[in-house]
Amino acid sequence: MKQENNKEHKFGMVIDLDKCTGCGSCMVSCMSENNVPFKEDESNKKDSITWMRVYKLTNGKSFPDTETAYLPRPCMHCAGKGGHGHSPCVSVCPATATEYGHDTGIVSQIYTRCFGCRYCMGACPYHARYFNWWDPKWPEGMENYLSPNVSPRMRGVVEKCSFCYHRYQAARDKAYHEGRNDIEENEFQTACTTACPAGAIVFGDLNNPAHKVHQIVKPDPHPDKWNRHVVGKSRNPKVFRLLERLGTNPKIYYLSEREWIRRKGDNYLDGEWDKIKNHHGSSSHG
Amino acid sequence: MSEIENKAENGSMESAGECTAGDTKDDKGLGLGVIFFIVAFVVCFLSGTLLFPKLLYSKKEQPFNFDHALHVSEAGDCETCHSLRDDGTFAGIPKLETCLDCHSEDVLGDSKDEAVFVEKYVSKEKEVPWYIYSRQPDSVFFSHAAHIDGAGMDCVTCHGPIGKSTSLKPYEENRITGYSRDIWGKNIFGIKKHSWDRMKMDDCAECHKKETGFKGYCFQCHK
Amino acid sequence: MKVDRRSFLGLGLGAVAGIAVSPVGLKLTDDSSIWTQNWPWTPVPADGEVIYESSVCSLCPGSCGISVRKIENRPVKIEGRENYPVNNGGACLHGIAGLQYLYDPARVKTPLKKNGDKFEEISWDDAIALVAGKLADLRKSGSPEKFAAILDKEQGSVSGLFKRLFKTFGSPNFYTMPSFESYLEATAAAIHGEGKTIGFDLENADFVLSFGAGIIEGWGSPVNCFQANASRKERRAKLYQIEPNLSNTAANADKWVPIKPGTQADLALGICAVILKNNLFDSNATMNFKGGFNKFAAMLQKDYTPSKTAEITGVKAADIEKIAGLFAKAKKPVAVFGKGRGDGAQSLKELAAVHTLNCLVGNINKKGGVFVKSKNKYLEFPDESMDSIADAGFAKPKAGRYMNQLVEKINSSSKSVVEALFVYNANPCYSLHDTKSVKQALGKIPFIVSFSSFLDETAKEADIILPSHTFIERIEDVPSGAGLAKTVVGLTKPVASPVFNTKNPGDTVILIAKALKGSIAQSFEWESYNECLEGVTARIWDSLSEDGYAVISKGAPIEPAAVNLSFLSGNPPTVQAQGDFGLTLIPIDNMRLINAGAYVSPFAIKTVSDKVLKGKNIVVEINPLTAKGLKNGGFAIITTPIGTARVVVNFNEGLMPGVIGMVEGLGHTFENKYVSNKGVNVNDLIGPVIESGSGLDAAFGIKAKISKA
Amino acid sequence: MDSALIPEGAKRCSFPKFAIGIVIVGAVLLWGVFAMGLIWWKGLNQTNMNDYYGFALWIWADLAVIAVGGGAFFTGLLRYIFNIDELKNIINFAVIIGFICYSSALLILAIDIGQPLRGWFIFWHANVHSMLTEVAFCLSAYFAVLTIEFIPNILENRQANKVPFFRHLAHNMHGIMAVFAATGAFLSFFHQGSLGGVAGVLFGRPFAYREGLLIWPWTFFLFTWSAAAFGPCFTLLITKITETITGKKLVKDNVVNLLAKISGWMITIYIIAKIIDTIYWATVTAPSLGFNISHFYTNNGFYGYWILITEILVCGLVPGIILIMKSTRENPTLRLIAFILGVIGICLNRWVMVLQVMAVPVMSFDTWALYFPSWQEIATTILPVAYGIILISVTYRYLPVFPQEAELNAVEPAAETE
C-alpha cells in the first residue's frame with residue numbers, strides 16, 4: 001500500500017532577463033490559468049492581484065545612457081534560512097494555511113484555511129502575496145471560462161503563485177495511471193513558462209542534474225561561505241537571486257549578461273558590489 | 001473593600017458553607033432549581049442531538065433509484081462505470097454515454113426506475129442529475145489515480161459497501177455548508193465506526209499517517 | 001415549592017449546559033467556517049474531461065497557432081500551439097486572454113438596428129432583408145459606386161467574399177485600414193514592382209538594423225518576432241534600434257540610437273550614402289538596379305553627407321559611419337522598417353529608404369535577409385457573374401486611394417460620396433488619425449452596416465449591426481503576413497459553439513448577396529461559408545483541415561527581385577509634423593495594449609503599468625529636461641493643433657528631449673467599464689499628414705505644447 | 001436615581017449629567033460600531049490597506065493598547081508577587097484599564113482578519129512556529145485572567161455585595177489573586193514578547209529583523225520590557241485624567257510617585273537596551289544584509305530620522321530621567337509631561353515596528369509605500385477609546401475602584417449619603 005513515489009524534488013525557475021521583453025504573456029497566462037479575478041480599476045498596483053508581476057528596472061542613468069529591463073516576479077518559493085523550509089511567510093502563518101512542501105519545494109497556500117490575518121504578506125519582501133480585498137466577481141457569463149483545476153478564492157484570504165501546482169497534480173495522476181514512478185521534465189511546466197513567447201523562463205527540478213534549470217543554475221549544494229544561511233547559490237556567475245543576502249533562499253533564479261541588472265538583485269553597501277561582482281557565483285568548487 | 005478584608009481575617013473557608021446552611025428558606029428553591037436544571041439540560045441536550053440534525057440537513061430524493069448490486073453483478077466491478085480517464089483523472093459518476101454502452105431506448109429489466117431513466121433521460125438525451133454523496137468541496141483535489149493505481153486501494157475503504165446496495169438513500173444536504181451529510185458522517189457527534197463513515201480532511205490525514213507515516217502536505221490534496 | 005429566581009437560574013444553566021454538551025456548538029462553529037469556504041456567490045467551475053483543440057488566433061495579423069483547453073465543451077484556456085510554424089508554442093497576452101472576448105457580456109448579442117440614438121434588437125432575417133433592401137435601392141438609383149466597405153485586410157476568404165460582393169454590386173470603393181501588410185506591399189510595389197510583398201528573415205539575420213520597428217512591441221507577427229529576438233542571444237546576432245524613445249525593443253537591443261522623430265528616412269539615406277561612398281555595397285546586386293542608380297548616388301552624396309544627415313537626424317556623424325560599416329560588413333544584415341507596430345502612419349520615403357539599404361547590401365532573397373515574395377494567392381474563387389450595372393459601377397474610379405483620402409473626400413464634398421458603408425473588423429473612428437473628422441465623415445453616410453462583435457466606436461455609428469462570431473466560434477482561413485519570412489495559412493476553427501446570436505461574417509455576406517438576387521446572388525451560390533471555404537481553398541484544404549495549417553512557402557524565394565530606385569532618386573520631401581509648437585508628440589506602441597482591430601481585454605489592461613495608466617488618466621512620458629514647470633506624477637494639459645488632453649506626466653530619461661510620448665490603445669469610449677473610458681486616444685490629438693507622391697498618411701506625430709494643469 | 005448603586009460614601013455627579021456624557025461618548029461608539037458593521041458586511045475593501053500594507057492602523061492600535069495595557073500585569077506583579085502593598089490603591093484601576101485594552105485588542109483583531117468566522121483556526125490549526133499563534137494563545141488566556149481579576153471589583157458594587165454569595169466569592173477571589181497575578185505576568189511576558197517577535201522575526205524585512213536569543217529576537221524582550229515600563233505611565237496618566245474630570249484626588253501622591261519611580265527606572269533601562277539594540281542593528285545587522293541605516297529614513301515623504309529621535313530620546317530617555325529624579329518626579333507638571341511623553345513614545349515605537357516596516361522598500365527597485373487610513377479604520381480605532389471611556393465612567397461611578405477615594409475626599413455631610 002505504501003508507495004515510493006516521493007523522490008524529493010525541488011522545483012525552481014531561471015528567468016533570462018536578456019530575453020524577457022516585458023510583453024506580459026506570463027502575467028496573463030497566469031491569471032487565466034489560475035482563475036485570478038479582475039476589477040474595474042487595476043491601475044493601483046498595490047491592490048491588483050498579479051501572482052506573476054513584471055517589474056521594470058532602470059539603470060538610473062540619464063538620456064541617452066539610460067537602460068531598462070524587465071523582471072518577472074512570481075512567488076519565490078523560498079526555502080528559508082539554510083533551506084530548511086522556514087520560508088519568511090510559512091514560518092509566520094498562525095494557522096498553517098501556507099506550508100513548505102519538502103517533496104516539491106513548493107510553498108502552498110490553502111485558501112480555505114487562511115483566515116486573512118495577512119502576516120505572511122508583511123513577511124514577504126517580494127510582495128508576492130496578494131489579499132482578496134474584494135469578493136471576486138466576473139462579468140455575467142465570464143465565469144464560464146474558469147478552470148476547475150484551481151479553486152476560485154473567496155474574499156478575505158491571501159493568494160499567491162503556486163508554481164501551477166495543479167499541473168503537477170495532473171502530471172502525477174497521469175504517471176500513476178500509466179504505472180510510472182515519476183514525472184518527466186516536460187510534463188510539469190508552469191503556465192508562465194509555457195506561455196513565454198521569448199522562451200525566457202526555464203522551469204524544472206533543481207535537484208535533477210538532467211533538467212535544464214539545473215544545468216543553467218548549477219546550484220551549489222554547500223552553504224555559502226560568507227553567509228551560512230544561504231544555500232543553493234548559483235555557480236553560474238551570470239545568475240543571481242533576488243535579495244539572496246537575506247537568507248530567504250528563493251527558488252527563482254535570474255540570468256543576465258548585464259552587470260547593472262545583476263546588481264539590482266540585491267542591496268549592497270557602497271563599494272561592496274565592486275568587490276563581489278566578479279566572485280558573484282559561489283566560490284565553492286564544482 | 002476594608003470590610004471584606006476584615007472578614008478574611010476570620011477565615012474564609014467556612015463562610016461559604018455557613019451561608020447556604022443558614023439559609024434554610026432557600027432549600028426548596030434550590031431543589032426546584034436542580035430539577036429545573038436537569039429538565040432543561042435533558043431537553044436541550046436531546047434537541048441538540050436529535051432535533052438539530054433534522055433542522056440542519058435537508059433531504060433530497062435521487063432522480064430515481066439505482067441498484068448498485070445489480071449493476072455490479074452485470075458489469076463485474078466498479079471501474080467499468082466509475083473509470084479513470086486516460087489522463088489519470090477520475091470520470092466520477094458515469095455520463096449518459098457510458099450508461100448507453102449497455103442501455104438503450106429499449107428497457108432491459110422490469111424495474112420502474114429503468115423506465116424513468118429511459119423515458120426522462122435516455123430518450124431526451126439528458127444527463128441524470130444525480131446527487132453525489134461523496135462530493136468534496138471545490139478546494140479539494142482528490143487523486144483517485146494515486147489511491148487506486150498508486151497505492152492499490154479498493155473502493156470500499158473509502159466508499160463502503162455501496163456496491164452491495166440495492167437502493168439509494170435520500171441525499172441529505174447541510175443547509176449551511178451545502179455539503180452532503182456523508183462528509184461529516186451520519187453521526188452528529190462525528191463518531192465513526194468504519195473508515196467510510198466520514199470523509200473529513202482529518203480522516204484523509206489519519207489514513208495517510210497510518211499508511212505512509214506522514215499526514216501529507218497541504219497541496220497534495222488541495223487546489 | 002415556589003418558582004423563584006433560583007429556578008430560572010437552574011433552567012438557564014441547564015439549558016446552557018445541555019446545549020454545550022450537545023453537538024450543536026461544535027457543529028455550528030465548524031459549519032459556519034465551512035460556509036465561508038463555500039460562499040454561494042463564489043463560483044465553482046464545473047469539472048469534466050479535458051480536451052485540447054487546435055486553432056488559429058486572428059486577433060492580430062500575427063496568425064499564431066493556438067491550443068484551446070476545454071472542459072467538456074467549455075473552453076477554459078488558450079495557449080500557444082506547439083510546433084506551429086509561426087509561433088511554436090508561444091503566445092501573446094492578447095491571444096491568451098481571448099476567452100475574455102468570447103464571454104464578454106459587452107458583446108453585440110444579436111443583430112441590432114438603430115432607432116434614434118438607441119439600438120433595438122431585430123432578427124437576422126429582418127436585418128438581412130433590411131440591408132439588402134437598402135442596397136437594392138442604391139443599386140436601382142444607378143450609383144452602385146456609392147457603396148463602400150472598410151475592412152481590416154485584403155487577405156483571406158472572408159475579405160474575398162466582401163470584395164466579391166462589391167465587385168458584383170458594382171462598386172470599386174473597397175478600402176482596408178492601414179496595416180503593416182499594406183505598407184509591405186506598398187514598399188515592394190515602389191521598389192520591386194506590383195504584386196509582391198516582403199518578409200524579413202529575422203531568425204537568421206546576424207545584424208538587425210531596425211528603424212523604429214517595435215520588434216518586441218507587437219510589430220509584424222509578434223510571437224514569431226519575440227522568438228527571433230530571443231534567439232539573438234544564442235546566435236550572437238546584433239540588434240541596433242533607431243528611434244526617439246527607449247522602447248522595449250531599444251532597451252533589449254545591443255544599441256539604442258536615439259533619433260529626432262520623423263527623420264528615420266534621412267538616416268537611412270545617410271547610411272546608404274556612407275555605404276556607397278565607402279564602396280561597402282554588394283556590386284553584384286547593384287548591377288541590375290533600375291531607375292537611376294547613379295542619380296540616386298549623386299543625390300545622396302549631395303544631400304546626405306554624414307554631417308548633413310547628423311544635423312537632420314540628431315545622430316552623430318561618426319555613429320552614422322560606424323553603423324553603416326557594421327551593417328554593410330555583417331554577414332547577414334537586415335534593415336527593417338515600420339515604426340512601432342508598423343501599422344500606424346508610415347512614410348513611403350522612409351520605408352523605401354530603409355529597404356534600399358537591404359538592396360544595397362544584396363540581402364534580397366537570401367537567408368537572414370529580406371524575402372521578396374509574390375502576394376499569397378492560395379484562394380481560387382470561381383468567376384463572378386457581372387451584370388451591366390456591376391460592370392459600369394466597378395469601372396468607376398475609387399473615391400480616394402486610401403482610407404484617409406476617402407474621409408477627406410466625404411468631408412469636403414457637398415454631394416454625397418458614399419450612400420452605404422460596410423465596416424468589418426475595423427474601427428476607423430478609433431484608430432485613424434483625427435478621429436473627430438472620421439466620425440464626421442461617417443456621420444454623413446446615411447446607411448452604415450457594421451459586422452462588429454462588439455459595440456466599438458465605429459459600430460456605435462452604425463445603423464445596423466450584424467454581429468460576427470469571435471475567432472473562437474468561427475471557421476476561417478487565416479493567412480500569415482505582416483513581414484513573416486515564411487507564408488503559412490492557418491485554419492481558425494469553431495472551438496466553442498456560439499455564445500450569442502451571432503454569425504460567421506462569411507455567412508452573413510453570402511446571405512446578403514443572396515438577398516440581393518440577380519447576378520449578385522448567382523456569384524454566391526454556396527450553401528454556407530463552410531462550403532465556400534472548402535471550395536476556394538481546395539488546393540490546400542486537405543492540409544488545412546488535417547494539420548490546421550498549410551505552409552505555402554518557406555526559405556528564401558528563388559526568383560530574383562528587380563530593384564527600381566526611381567521613387568527615391570528624386571529625393572521626395574520628408575514629411576514634417578503638423579503645427580508649430582515646440583515639442584513633438586509621438587505615439588508609443590505598447591505590447592500590452594491593442595490599437596487596431598479588437599480592443600484590449602480586461603486581463604491585458606490589468607498588466608498595463610501605472611506609469612502608463614493611472615486610474616482614468618493616461619500617463620505621458622517626457623524627458624525631465626523638457627518638462628520645465630511640470631511635476632513628475634502631476635497633471636498637465638497637452639495641446640496640439642487638433643486637440644487638447646489632460647494627462648499625467650511621467651519623467652522618463654528614455655525619451656529624447658523635445659519629445660512627448662503617449663501610448664496608443666487607450667481612451668476607448670464605448671460601454672465596458674473594464675477597458676473603456678480610461679485615458680486618452682492619441683489619435684484624437686494627431687491629425688493626418690499626407691505624403692506627396694505616395695498619398696499615405698505619414699504623420700509620425702504632431703507638434704505639441706504641454707503645460708501644468 | 002441610581003444612588004443605590006453608587007459606592008457608599010462616594011460622591012458622584014447627578015445621573016442626568018452622567019447620562020448626557022455617556023450618550024455623547026456613546027454616539028462616537030456607535031459611529032465605530034457602524035464602521036465595524038460595514039467592514040464585516042462588505043469586507044476589508046472598506047479600509048485603505050493594500051497588499052503593501054497588510055498590517056496597518058489596526059495592528060498598530062492592537063500593539064499600542066496591549067503595550068499601554070501592560071500596566072495591569074506589571075502593577076499586579078509588583079502588588080501581588082513583590083508585595084508592594086501601596087499599589088493596592090491603584091491595582092483595581094490598572095486592572096480595569098488592562099481589561100479595556102485587552103478586550104479592545106481582541107475586538108480589533110476580530111475586525112482586522114479577513115475571515116472572522118474562521119478566526120478560531122488560529123487555535124485549532126495552530127502553527128507553533130508563528131509568533132502570532134503565541135500572541136493569540138497568551139492574549140486570550142491573559143484576557144481571561146484579567147476578567148477574573150476584574151470580577152471581584154465588580155462584585156464589590158454595593159448591591160452585588162449585598163448578596164452573600166457574591167460577597168464571599170469576591171472575598172475568596174481576592175485571596176487567591178496572587179496566583180492570577182503570577183499567571184498574568186507569565187502570560188504577559190510571552191504575549192508582549194511575541195508581539196515584539198511578530199516584527200523581529202521578519203527576516204525578509206531588514207528594518208524589522210533582529211537577531212536574538214534562541215527563537216526569540218531581541219524585540220521580544222524589548223517589547224515585554226517596554227510594556228512593563230510604559231504601561232504604568234498609561235495607568236497613571238489615565239488616573240490623572242480621571243482625577244481631572246471628576247475633580248477629585250483619587251490616589252495618593254506617594255502611590256503615584258512610587259509607581260512613577262519604578263516606571264522611570266524601567267523606562268531608563270529599556271531605553272538603554274533599545275539604544276544598544278538600535279546601534280547594533282544599524283551597524284551590524286542591517287549592513288550585513290546590504291542596507292545602510294539611511295535607507296530606512298530617507299527618500300520618502302514621512303519617515304525621517306526625526307521619528308527615531310522622537311521615539312528614543314524625546315519620548316524615551318526624557319520621561320525616564322524625569323521619573324527617576326526625585327525632584328522632577330515629584331513635580332506634578334513634569335511628572336504628567338513624562339507620562340504623556342512615555343505613552344507617546346511607546347505608541348510611536350509600536351507604530352514604527354508595524355507601519356514603517358511595511359513602508360520601507362526591500363527590493364532595490366521597489367518604492368516606499370505610504371498609507372493613510374480610511375474613515376472606517378479610524379472609526380473602528382476610536383471605537384475602543386469610546387468604549388474605554390464609557391467603561392471607566394461606569395466602573396468609577398458604581399464600583400469602589402479607588403480605595404483611597406473616601407479618605408482623600410473626606411465627605412462633607414451631604415444629602416446623598418445617609
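**Notebook: confidence, a sheet and a contact**

I started with chain D of this predicted model. Its mean pLDDT is 91, and 98% of the residues of chain D reach 70 or more.

I then went through the elements of chain D. Helix H11 (residues 294-297) of chain D has the highest mean pLDDT, 96. Helix H7 (residues 164-175) of chain D has the lowest, 83.

Where does pLDDT stay under 50 in chain D? I found residues 413-418 of chain D. For this stretch the model has five contacts beyond four places in sequence.

I noted the scores of the model as well: ipTM is 0.91 and pTM is 0.92.

Next I looked up a sheet in chain C. It is open, has three strands and pairs antiparallel, in the order S17-S18-S19. Strand S17 (476-479) and strand S19 (549-553) of chain C are the edge strands, and each pairs on one side only. From one strand to the next, the twist averages 20°.

I followed one pairing further. Strand S18 (residues 487-492) of chain C runs antiparallel to S19(C), and four bridges join them. I picked out Val488(C), whose bridge partner in S19(C) is Val551(C).

Last, I turned to the contact between chain C and chain A. Chain C gives 59 residues and chain A gives 52 residues. Which elements of chain C give two or more residues to the side that touches chain A? I listed several, including helix H2 (24-37), strand S3 (74-80), helix H8 (222-230) and helix H26 (602-607) of chain C. By class, I noted 32 nonpolar, 16 polar and eleven charged residues on the side of chain C that touches chain A.

Key. Residues are numbered from 1 along each chain as its sequence is written. Chains are lettered from A and ligands numbered from 1 in the order in which they are written. This is a predicted model: local features need pLDDT of at least 70, side-chain atom pairs count only at pLDDT 80 or more; totals for chains, interfaces and linings use all residues. Two strands pair if DSSP finds at least two bridges between them. Axes are lines fitted to C-alpha atoms, for helices over the stretch in contact, and angles run from 0 to 180 degrees between N-to-C directions. pLDDT is the predictor's confidence in each residue, from 0 to 100. Two residues are in contact if their C-beta atoms, placed from the backbone, lie within 7 Å. Ala, Val, Leu, Ile, Met, Phe, Trp, Tyr, Cys and Pro count as nonpolar, Asp, Glu, Lys and Arg as charged, and the others, Gly among them, as polar.
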